[in-house]
Structures are given as C-alpha cells and as structure tokens.
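Work through the exercises below with the structure open beside you. Try each task before you read its solution.

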Amino acid sequence: MRFPLRSGLVVATLVALGAPRVAQAQTYGPYTFDANSWVTSASAVGDAGSCYPYPNGDCAQNVVGHSPSVCAANLQCAPGTYVELFFGNTFITNGPGVDLVVFDSRFSIDAASIAVESAPGVWTNYDTWAVNEQTPLGAGTGCGGNTLALVPVDLSRFGLPLGATTQRVRVGGNIATGSCEFDLTMAGVPSGAAQCVTNADCNDGNPCTTDTCNAPTCSYAPSDAPGCEPLVVCGNGVLEMGEACDDGNTTPGDGCSITCELEPGYTCEVSGMPCVDLDECSLELANCHDDARCENTPGSFTCTCNPGYEGDGVTCADIDECTQGTDDCDEDATCTNTPGSFTCTCNAGFEGNGVSCASLCGDGIVAANEACDDGNTTSGDGCHAMCVVEGGWTCGGAPSVCEAGACGDGILAGVEGCDDGNATSEDGCSSTCVVEEGFACSGVPSTCTPTNPCPDGQCADDPIAEGSCACSVPGSRDSGGDLAFAAGLLSLAVALRRRSSRNTSR
C-alpha cells in the first residue's frame, strides 16, 4: 500500500513488476541480499520529463529488475527530481551499521542524494553521499563493462532513532553540485552481516560508530562522538540510557515493565536483578486513615477500617454502637459511645460491670425487686440486710423509713392493707392489718364491711327498708333459712358495736 505523496509533486506511472528476477541470495561486495531484499516498485517524482532514461529505455524498469548489466535502463535525474523506491517485501531498519545499499552502474563522479520516509507522508531532509563513500566492485561488473559501485546508507544520518523502520526511499543526483549524473540501477536491504576484507569495506559514513572489518564480517561499535549512544535493548539486564530499570526480562507486573519503565509499588535498584516490592505500610507511604489498618500487597496496599469504624479505609467514621443497638449493655445500665467502641455503666441503685447489673441493697434506693432500702445492710431495723420488710414492721419511702408494732394504731402506713385501730381478727381487718376474705376496707381508721351484706339472700318482696337484709315476713328470702339470717344480723351488730366503741374511746 502506497502512502500519498506530497502535493506539488508529479507522480509518474507506478511500475510493479512482481517477483524479482533472481530468487537466490546474491552477494555484492561485503553485502548479501536475498530474494526479498529488492525494490518492488518505483516511480519518478518531480517535474515531468526531468527524470529520463540514459541513454534510453524506461527510467524505473531497471531499478525494479535489480540487474546491474542492463545498460538501456540507467537513470539520470535533473536536480530536484527523484526516483521513489518502495520495498514491499521488507522493512529498512535503522541498526548500528549499514541499513540500505544503493548501486550506481557507471560510477559517476557525483554520488547520490537520498531521503527516507520517516512517517506516512513525512520525509526527512535529503542527505548527500560523497564520491569517496562509494565502493567500486571492480571493472566489468556494471553495464557495458563499466564499474559497478555501491553506496552504503545508514539511516542514522537522517536523524532517525535506532530501531526506526521505513519502506520508502527517494534517490536522485547530487543537488549540491547541480549535477545529474547519478545512474541508479539497483537498491537493496542487506540480509545478514556485511562481508568485508578491510576496514574501508565497512565504512558507512556514520560518525556514531567505529567500523571494523572483522573478516569476513563488519562490526559496529559506538564511538565517543558527541550525541552518539548505544542501541538500547530492554530486557538484556543492562541499564542503558533511557531505561528506568532492566531486570533481564520483558515481563510486565514484576516491577519493571515491558518497556523498562518502573512500575508503581516497586523499587529496582540493581540492574539485571529482580525488582523488589515496596512495603508502603511500613514505609508510611500509604494513604490509609488513622483509624484503619494497612496491609501490603505486591506492588500496592489495602486499607481496612478498624473495628468500631466504617468506611473504605481511606476515610473512616466512628460507629455509634449505642444508637444502633449493637451494644451489649444491661437493661439497667447506660451505654456511652467512645471512639471506636462504647462503655456500659450500671444505673443508680445497681451494681455490676454494665453488661450485667443487679440492685444494690443498702444504697437507700428502692430498685428492681427490693421491698425496702433504708440505706444500710443491718437487719433488725425493719428493713432486712437483703432489703425485705421484717415481720412486725412497715416501711415506706426511699431511703425507707420503717416503724415497729404499728398495726392497730388506726394509721394506714407502709405495707398495711388496712388498720381499723385494733389487733382483733375476724372483723374484716386481721391482727396483722391484712384485709380478711369477704370484706372490703377503706378509710383511716379502716372501716371494713362484708362484700355481700346479705349472705343468706335478699328479701323477695318485703324488706324492712330499702337496702336492708331483714324481711317483714319471715321465710320470704330468696335463699337460706332463718338461722343463717340471724347469724348475719349478729355479725352486722357486732361490727357496728365495735365501731361505736372505738369512736367513744377517742
């Protein structure tokens, strides 16, 4: 595929002749070329008619055919006019030595002017190879018995970095002298190392290399010239210019990337040795929250909020266990939130660790199942050491106040259910001031009356008075007999007599 040429140039008809004429490897001087080394198509670029055959024939035909003996197709180009060559089967790669060889079948007095396409549609400045950079291959090797000369080309002279590639080259006469006598017949990319006999055979004109003929091959070593740098190879275990690290491999994820760049979370201090993981936690390089735990991982780290906190580890907030119901405080204790935790404190009147609380007898506070609490744990004062009311005593208030022998004084206090002013039982209020069964007591002193004033039944038709249990006609009750009726009246009379006696004594 061709890249479009710059505007203003006249592009002649592209000539593509298919497979090269010679399929086997060929050797010209110190260089060997295989079947894929040669130009696959060529076209004239520049003013129409300025690039013409010499002495006759198609100006590009012989370049594609790569045969130095075809004299009818030699090329001469006027200044500013070039032949554009396309290497469809291979790439020209900028290495430390010769990258391209251009042939001149007549070995003219003027050498070649050459440019390369460094990017699609982008051409480098033309560089001129002088006559003394040509290497004659001997008389009779070119067309018509003339000398075939080769011009070794190093892409470094175009300012291209080592490793850069191209497939297009433009070749013309030496514009600097105004000459048009360069006779282009072939152009090829050497395969393998160049063959040589003397150091002169390896001179590629590159000031950044020291060229040595190490028979039968050429070797190229970087010189000490300013700006000259060795070829950088990532993964060779040698830290070279432009590399941040080189651990001897091109495996990503181990601290040194495939392009020999330092990966985050690693340190690569020794060239050729494995990189070492950085422990961001111990080096305090992590951004974990103060209330989070940092854990180192290969090339990184993780942050986790501490117990009692919530968040992503970089940001953590305290959890209020008291308001969220996640505390384990006793129901008789108070929960207090603290940073990252909580405390439990037993309420007043209780003792314990807050998780388990029991009432505290003797603190003057009546709590839980205490019947009294007089502020001490002394028995015999009405409130027992276990905070229960002792027999014969009544207690009330907090701290509790207890009174001894108070039942029958007509004053209702403490745990008394009634107090009718006497210590007699069977009158509705017992000797221990407990309401007896079948009676209801109220008032101070207590007045006790049977809960059923007519235990033998109401009069069916003729009560003596409204609400009275006595009947005007004996035997007219709903139920019961006269004996039961009499007993009821006697009980009522006794109760009324006791009340009258009590009131008279006062």
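**Exercise 1: A hairpin**

In the hairpin of S27 and S28, glycine 340 has a positive phi near 80°, and 2 residues lie between the strands. This model is predicted.

Task: Find in which sense strands S27 and S28 pair, and over how many bridges.

Solution. 
- Step 1. Locate the strands: S27 covers residues 333-338 and S28 covers residues 341-346.
- Step 2. Read the pairing: the sense is antiparallel, over 6 bridges.
- Step 3. Check a facing position: threonine 338 stands opposite serine 341 in S28.

**Exercise 2: A loop residue**

Task: Decide whether methionine 273 is buried, partly exposed or exposed. Then name its contacts, leaving aside neighbours within four places in sequence.

Solution. 
- Step 1. Take its relative accessibility, 47%. Buried means under 20% and exposed means over 50%. Methionine 273 is therefore partly exposed.
- Step 2. List the contacts: Asp246 and Asp247.
- Step 3. Compare sequence with space: methionine 273 and valine 238 are 35 residues apart in sequence, and their C-alpha atoms are 9.7 Å apart.

**Exercise 3: Aromatic rings**

Task: State how many aromatic pairs the model has. Then classify the pair of tryptophan 38 and phenylalanine 103 as stacked, tilted or edge-to-face.

Solution. 
- Step 1. Count: there are 6 aromatic pairs.
- Step 2. Take the geometry of tryptophan 38 and phenylalanine 103: 6.4 Å centre to centre, with 40° between the planes. Stacked needs planes under 30 degrees apart, and edge-to-face needs over 60. This pair is tilted.
- Step 3. Locate the partners: tryptophan 38 is in the loop between strand S4 (31-33) and strand S5 (41-46), and phenylalanine 103 is in strand S10 (residues 100-104). They are 65 residues apart, so the pair links distant parts of the chain.
- Step 4. Check burial: tryptophan 38 is buried at 2% relative accessibility. Phenylalanine 103 is buried too, at 0%.
- Step 5. Widen the view: ring pairs join Tyr28, Phe33, Trp38 and Phe103 in a cluster.

**Exercise 4: Confidence**

Solution.

How values were computed. Residues are numbered from 1 along each chain as its sequence is written. This is a predicted model: local features need pLDDT of at least 70, side-chain atom pairs count only at pLDDT 80 or more; totals for chains, interfaces and linings use all residues. Side-chain values use heavy atoms; hydrogens and water are left out. Two strands pair if DSSP finds at least two bridges between them. Helices (H or I, at least four residues) and strands (E, at least two) are DSSP runs, numbered from the N terminus. Buried means under 20% relative accessible area, exposed over 50%, partly exposed in between (1.4 Å probe, protein chains only). Contact means heavy atoms within 4.5 Å. Rings of Phe, Tyr and Trp (its six-membered ring) pair if their centres lie within 6.5 Å; planes under 30 degrees apart count as stacked, over 60 as edge-to-face and the rest as tilted.
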